[in-house]
Structure formats: C-alpha cells, structure tokens
Amino acid sequence: MSEPSAITDPADPRLADYTGLTDVELRRRREPAEGLFIAEGEKVVRRALAAGYRMRSMLLTPKWLEVMADVIAEADAPVHVVEPDLAEAVTGYHVHRGALASMERRPLPDAADLLAGARRVAVLEGLVDHTNLGAIFRSAAALGMDAVLLSPDCADPLYRRAVKVSMGGVFAVPYARLEPWPAALETVRAAGFELLALTPAETAVDLASLVHEGRARTALMLGAEGDGLTRQALSAADHAVRIPMAHGIDSLNVGAAAAVAFYAVTAAR
C-alpha cells in the first residue's frame, strides 16, 4: 500500500507528469518520449490497471480518497493528494473528475501478430482528432472488433482526450501502427482479410449487402473526418462500401459511421 501524501506546491517535482495537460503539442511530444500516458477519472484509471498497465503515480483531490481507497491499497506507486485549485494550477484545467493517474506505456505489438488471431479489424487513416479516435475505440470495444490498425499519421490512442472519450476502450482493443503507408495494407490482405473502404460515394456497394454474403475476415477502412480515405487507400481496397443515407444527408461523422459499420460486420458473423 502507498501512503497518500499531501502536496501544496504546484512546482513540486513529484507532480511533473501532470503539468500542462491542456498543452496538446507539448503532451504529444512528451508522453511517448517519456513512456507515459494520463488516465483521467475513476473508471478509466481502474480499466487501465485491469488491462495490466503499471501506475507511475496517482493524483487525487481529497474527496476521492475514499472512492479510490481500494486502488490506493493495492498501489505500488506514489499517491499525491492536492486541493482542487492546485490541481487546476498544475494541469491547466478544472479536474472535476478528481482522479488522475500517470501510467507506463507498453511497446506496441506488430501488426502481423494482431492479424493472426483476428477476424474483424478496423484500419484507420489520418485520424488526428482525439475525440473521433476515442469514439471509434469505444465502439470497437463495445461491438466486438478484434483489433485496430493505424496509419502512421493517426493520433495517439493513449492521449488523455482519446482515452477519456473511449471510456477505457483503448485498453480493451489491441492496436498497432501500419507502416509504411499505404504499402503495409498488403500485410492485411496477405493475412487473409478483405479490405472494405468506407466512402459516401454513390458508386460504392451497400455495406450491409456485402457483409451478409459471409466474409471470413474483414478489414474496415475509415478515413479522417471531412476528407475521408485518400485516393491511394481507396485504390488499395478490395471493395468500396457505403452506409445508405436518407433525407439528403450525405454522410455521418466518422465516429458514428464506424459504430454502424462495426455492428454490421460483427452481426454478420
């Protein structure tokens, strides 16, 4: 058990992992380089620990001590207790969830290893919005996708906002980077997957009609909000597929489209 210790100085070096959490560019550079990520909120902290991530430290406001008592009892890392105004001074925002933990990253698996045991995977290209990325991971976890593969320019799934939006889904679904892009899509095809590229194009095939034909192994490709998949990625796909729209709506937000598509392919098993 780690005995909680009160900290009153925002410049205390023990709080270094939590400084400037709203500075996106700083955290993007710093967190992977230092091998850490931030879990925010009771549920997310618990899910990170349950997934086997090692805690570096925990930062709590006093009212969360009782809620997190069982976690503290098992912790082998320092537990820092600060008043809400000090937490805001350190992190840069009002920490209304009251519980943060700095966790150690793990090496990413090889994409080929993930594909070996998978049947339904998502392949994401150019997803740089952390909210959309987190939403996709949440849907992937909830709807039974086996893995997520990311192009090199996709955002970091362990960035605080992505983890928070995913509700810890980033810990439940394994992921890897596909490099070089888009040549590495051949790795997916070589593993026996059909590449289905989601696009609003009228020439694309209705996704539901295609998956109901019984695909053994399916890789759903999704592009960034607005631009969608690049021409190179679309050219690498086996089929262009779409979700039919009504009332003159041309497309869904990528997070919503991912959820619909994930349900379609997992329900067809």
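**Strand β6 and its partners**

I looked up strand β6 and strand β7 (residues 147-150) and found that they pair in the parallel sense over four bridges. Two strands count as paired if DSSP finds at least two bridges between them. Strands and helices here are DSSP runs, numbered from the N terminus: helices are H or I with at least four residues, strands are E with at least two. I note that this is a predicted model, in which local features need pLDDT of at least 70 and side-chain atom pairs count only at pLDDT 80 or more, while totals for chains, interfaces and linings use all residues. Residues are numbered from 1 along each chain as its sequence is written, and side-chain values use heavy atoms, with hydrogens and water left out.

Val121 stands opposite Ala147 in β7. On strand β11 (residues 218-222), β6 pairs in the parallel sense over five bridges. There I found Leu222 as the bridge partner of Leu124.

How many residues of strand β6 (residues 120-124) are buried? Five of the five are, so the strand is largely enclosed by the rest of the structure. Buried means under 20% relative accessible area, exposed means over 50%, and partly exposed lies in between (1.4 Å probe, protein chains only). I sorted the side chains by direction. Arg120, Ala122 and Leu124 point one way from β6, and Val121 and Val123 point the other way.

**Ala147**

I stayed with Ala147, which sits in strand β7. Ala147 has a relative accessible area of 1% and is therefore buried. I listed its contacts, leaving aside neighbours within four places in sequence: Leu114, Arg120, Val121, Ala122, Val173 and Pro174. Contact means heavy atoms within 4.5 Å. I also took one C-alpha separation. Ala147 and Ala219 are 72 residues apart along the chain, and their C-alpha atoms are separated by 9.6 Å.

**The five-stranded sheet**

I then traced an open sheet of five strands, ordered β1-β4-β3-β5-β2, with mixed pairing. Which strands stand at the edges? They are β1 (5-6) and β2 (36-40); each has a single partner strand, so one side of each is left without a neighbour in the sheet. I followed β2 to strand β5 (residues 99-104): five bridges join them, and they run antiparallel. Ile38 stands opposite Ser102 in β5.

I looked at what covers this region. Helix α1 (residues 24-34) lies across β2 and β3 (55-60), running at about 110° to β2. Axes are lines fitted to C-alpha atoms, for helices over the stretch in contact, and angles run from 0 to 180 degrees between N-to-C directions.

**Helices α6 and α12**

I looked up helix α6 (residues 130-142) against helix α12 (residues 254-267). They pack at an angle of about 15°, with their axes 8 Å apart. α6 and α12 are therefore roughly parallel to each other; angles under 35 degrees count as roughly parallel, over 145 as roughly antiparallel, 65 to 115 as roughly perpendicular and the rest as oblique.

Which residues make the contact? I noted Asn132, Ile136, Ser139 and Ala140 from α6, and Val254, Gly255, Ala258, Ala259 and Phe262 from α12. By class, the contact has six nonpolar, three polar and no charged residues. Nonpolar covers Ala, Val, Leu, Ile, Met, Phe, Trp, Tyr, Cys and Pro; charged covers Asp, Glu, Lys and Arg; the others, Gly among them, are polar.

I also checked His130, found in helix α6. Is His130 buried or exposed? At 9% relative accessibility, His130 counts as buried. Not counting residues up to four places away in sequence, His130 touches Val24, Arg28, Ala155, Asp156, Tyr159, Arg161 and Ala162.

**Backbone exceptions**

Most residues other than glycine have a negative phi, and most peptide bonds are trans. I looked for departures.

I found a cis peptide bond joining Glu179 and Pro180, with omega about -5°. Another cis peptide bond joins Trp181 and Pro182, with omega about 0°. Pro180 lies in the loop between β8 (175-177) and α9 (185-190), and Pro182 is placed in the loop between β8 and α9.

Met167 has a positive phi of about 55° although it is not a glycine. I placed Met167 in the loop between α7 (160-166) and α8 (169-172). Its relative accessible area is 22%, so Met167 is partly exposed.

His247 has a positive phi near 55° and is a residue other than glycine. I found His247 in the loop between β12 (239-242) and α12. At 81% relative accessibility, His247 counts as exposed.
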